[in-house]
Amino acid sequence: MIKKLLIAGLFSFSLAVSGQSLLRLNSDGYFEMDGLNVMFFSDFYPEGHQSGVTIIQHGNRVAANGDLRLEPSPGQWSPVPAGGKVRPDPDRNSISKILWFPDSSRNRRGFNPIYYPDLSFDYEVHVVALEKSSFKIVVDLKEPLPASWVGRVGFNLELFPGDLFGKTYLMDGKPGLFPRQPSGPLTESGDGFLTEPLAVGNSLVIAPEQDVQRMVISSSRQPLELLDGRSNHNNGWYIVRSSVPAGATEGAIEWIVTPNAVPEYTYSPVIQVSRMGYHPMQKKRAVLETDRSDDLRKKYTIYRLTGTGKEVVKEGFSDRWGRFLRYHYEIIDFSDLKSPGIYRISCEGVSSGSFVISDEVYERNSWQPTLEYFLPIQMCHMRVNEKYRVWHDLCHMDDALMAPLNHNHFDGYRQGNHTLTDFKPGESVPGLNRGGWHDAGDYDLRVESQIGTVWMLALMIEEFGLNHDATLVDPENRVVEIHVPDGRSDAIQQIEHGLASVLGAYRSMGRLYRGIICSNLRQYVMLGDAASMTDNNPWEGSPAEIADFSTHFPNVSAGIQDHPGGPSFPDDRLVFTEENPSRELFVAAGLAAASRVLRTENPGLSAECLQTALFLWKEARDKTENISVKAEALSELILATDSGELKKELISMQDAILRSIDECGWAVGHVINHIDHDGFRAAMALAVKEHQQALRERQLSDSPYGVPYRPNIWGAGWNIQRFGVEQYFFLKGWPEFTGTEMMENALHFILGVHPGPNTASFASGIGSRSVTVAYGTNRADWSFIPGGVVSGTALIRPDLPELKVWPYLWQQTEYVIGGGATNFMFLVLAVDKICKQKPEPVPIY
């Protein structure tokens, strides 16, 4: 195997060697020793519990967000500091950073604006390694805090709750138990009420019963408070906090932290396999993840599981791949195993999960849950039943009021100085209370998510003949019954439902919406039945109230209003508009695809889709330089119309397409066999050949997972799925240059072959083990929605892959509409199709 050549500065590795028993600053900018890492502002994502002083104990992130905060238990929109560069000092074995409040780049501006109080101060955080596994945290203030802020500003260190439920603690020798749920008595906090501290003292011992979790935190100056941050924010963590005292500057906070580090600790090997299994004709590779010091080839045994036990079917030695992130990797290739059965791999004293090899592996319980559960459950403006269960009642029947002018919404929407329609801010826009799907846990409807779902469903009907009926959809009575067939294709009905939202807005406003979303934070963070968000009765404001809508609204959106609605203000959701030609072309592509599959089932809607798509193309094509979205729209329109003029337009874009073949080549691949132009076809073929060769080189060097992979603060699963879908269309257009292996590897990655010890399938309820605690609309129940697909394993910078069992880390376990689930469906169907077509596994060229 080719060993990964690491990219300098991105995936560099520590110079430390196994057996290190003192905490030392390494070349990656964090402290390490056997069993312990202390990161220092390697990430800056405090609202996602990824920032500040972070403690990795025996490969598990146990504490994070060690920094000064303005509240005892901050939430997602609480003020966060800005900061300068991290300054490591290897000679002193220390590291420091200067920070300040407020962050002017986020203060009432930007994608997720934060509303800062009238407070400005500078401070510096230092971490200094001491003896063995101990380190000191010191906070210096440039000037003392104003008197009104004394007792409110403090140093917080958040403890991950999921690993502490039922564990114990000692505060100054007094025992306590980490509770499963927060409970009173309560005390008033800056943003509501917080339970009184679990304990107060100067020395805290965390999980004394567990060697791999035990940690001691001591403070010689200010007392430590152990808080339960879940009492004022459901997604909070336990918090250890010391307040900054009056008059304090240098050494305002001084803690000594001693996490226990098991001597000569090494990471336990992990065998990563597809949790769904493999088709006999696939190339099959398990990935073995080991401690980075353990770089010897490993002997493995593969068993077949039978009615009488297990039998050895293959033995051998792994192939060395090399280092990636913080681990060493080996490959176990078992492509020669083709007999149907149940198998398990054992190596280094650990075993993989059981997996099947079968030519029917992708036929059932694979893509079906997405269509049978996830999409129906996400349907807005409907009541969704499943036998005895009501997933949610009829919701958002009061959609939607035109958003106020010049409004910067807290979740990234922005309304300009005109509504771009005849509707005034605050006026109810008709036609918006039908169709659409709730996006993840936010309940909003973004136009690109809605049409993206429609588009992908249409492509699955065309490419794979998707025709599945397991759901009753009654749009007139606004009822969905899961597992009650109604004689119509579920995919067609879901397409119609998405179009009811997209085209409903277009009919009313004469343009697309940007999105529909709740008006205030109390609604946004709501956990529960979607029907509870609004009263379902459209607001009809008086002329005076509508005239005052834009000026009154900013206070509500900032979350100052405690409750949605009220005696003089509506709880209806808002509709935002925008001038965005690229997004209009994206919608045109999805509408064109929908028009093709609806011709027989719903000819009237089909014609409306095509007419609208052509109009959007005409209006937007000359207003953007985005070549990718132009190619996508043209490809889908050509397939819908067979227009010679549109084909000429695509051919005229040849040079621009060639420069962006990696981004838009897949769209051209979808239509290339309909283009009768030798020069264009030859130029595209050459560019695709070079692009696919470059991809294969990246496949070998990026990671051991056989796909181009760059870990980030968000899980990469959705992007890798998208890559797999695009590879299908490269294969369709240019099979002579495009292999199948990267597409198959993309699916395996989603299904369990991904980094880190949590090898669950990202597709909930799919495979032998999957993510069943997810960031969906039912996350407060620590539950999941079958067929939803999470973003998956994220990166704790610089080198820790992480997928925690926790319902509130949206960057790891969130579901989304508009690709997250439907791309997975497409990828399963695509891999099933190619496996049944090929006589032997297709190798890497």
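**Exercise 1.** In this predicted model, determine how many of the 17 residues of helix H7 are buried, and compare the reach of the helix with its expected span.

*Solution.* Begin with the cover of the helix: 15 of the 17 residues of H7 are buried, so that H7 counts as mostly covered, where buried stands for a relative accessible area under 20%. Next, consider its length: H7 comprises residues 581-597, and from its first C-alpha to its last it reaches 25 Å, which is close to the 24 Å expected at 1.5 Å a residue.

**Exercise 2.** Decide whether phenylalanine 826 is buried or exposed, and find which residues it touches.

*Solution.* First locate the residue: phenylalanine 826 lies in helix H17, which covers residues 822-837. Its relative accessibility is 0%, and because buried means under 20%, phenylalanine 826 counts as buried. Then look at its surroundings, leaving aside residues up to four places away in sequence: phenylalanine 826 touches Met456, Leu459, Met460, Glu463, Phe464, Val725, Tyr728 and Phe729. Finally, for a view across the chain, the C-alpha atoms of phenylalanine 826 and proline 179, which are 647 residues apart along the chain, are separated by 43 Å.

**Exercise 3.** Decide whether glutamate 744 is buried or exposed, and name residues that it touches.

*Solution.* Glutamate 744 has its place in helix H15, residues 741-750. Its relative accessible area is 3%, and since this lies under the 20% cut-off, glutamate 744 is buried. When residues up to four places away in sequence are not counted, glutamate 744 touches several residues, among them Gln282, Lys283 and Lys838.

**Exercise 4.** Work out the order of the strands in the open sheet that contains S31 and S38, and explain why one side of S32 and of S37 is left without a neighbour in the sheet.

*Solution.* The 4 strands follow the order S32-S31-S38-S37, with mixed pairing. Strand S32 (389-392) and strand S37 (471-474) stand at the edges and have a single partner strand each, and therefore one side of each is left without a neighbour in the sheet. On average, neighbouring strands of this sheet are turned by 20° against each other, direction ignored. Looking at one pair in detail, S31 (residues 383-386) and S32 pair in the antiparallel sense over 3 bridges, and valine 384 stands opposite histidine 392 in S32. Helix H1 (residues 368-378) packs on the sheet, where it touches S31, S32, S37 and strand S38 (479-482), and its direction makes about 155° with that of S38.

Technical notes. Residues numbered from 1 in each chain as written. Predicted model: local features only at pLDDT ≥ 70, side-chain atom pairs only at ≥ 80, totals over all residues. Heavy atoms only, no water. Helix = DSSP H or I, 4+ residues; strand = E, 2+ residues; numbered from the N terminus. Buried < 20%, exposed > 50% of the residue type's maximum accessible area, 1.4 Å probe, protein only. Contact = heavy atoms within 4.5 Å. Expected span 1.5 Å × (residues − 1). Pairing = 2+ DSSP bridges. Axes fitted to C-alpha atoms, helices over the stretch in contact; angles between N-to-C directions.
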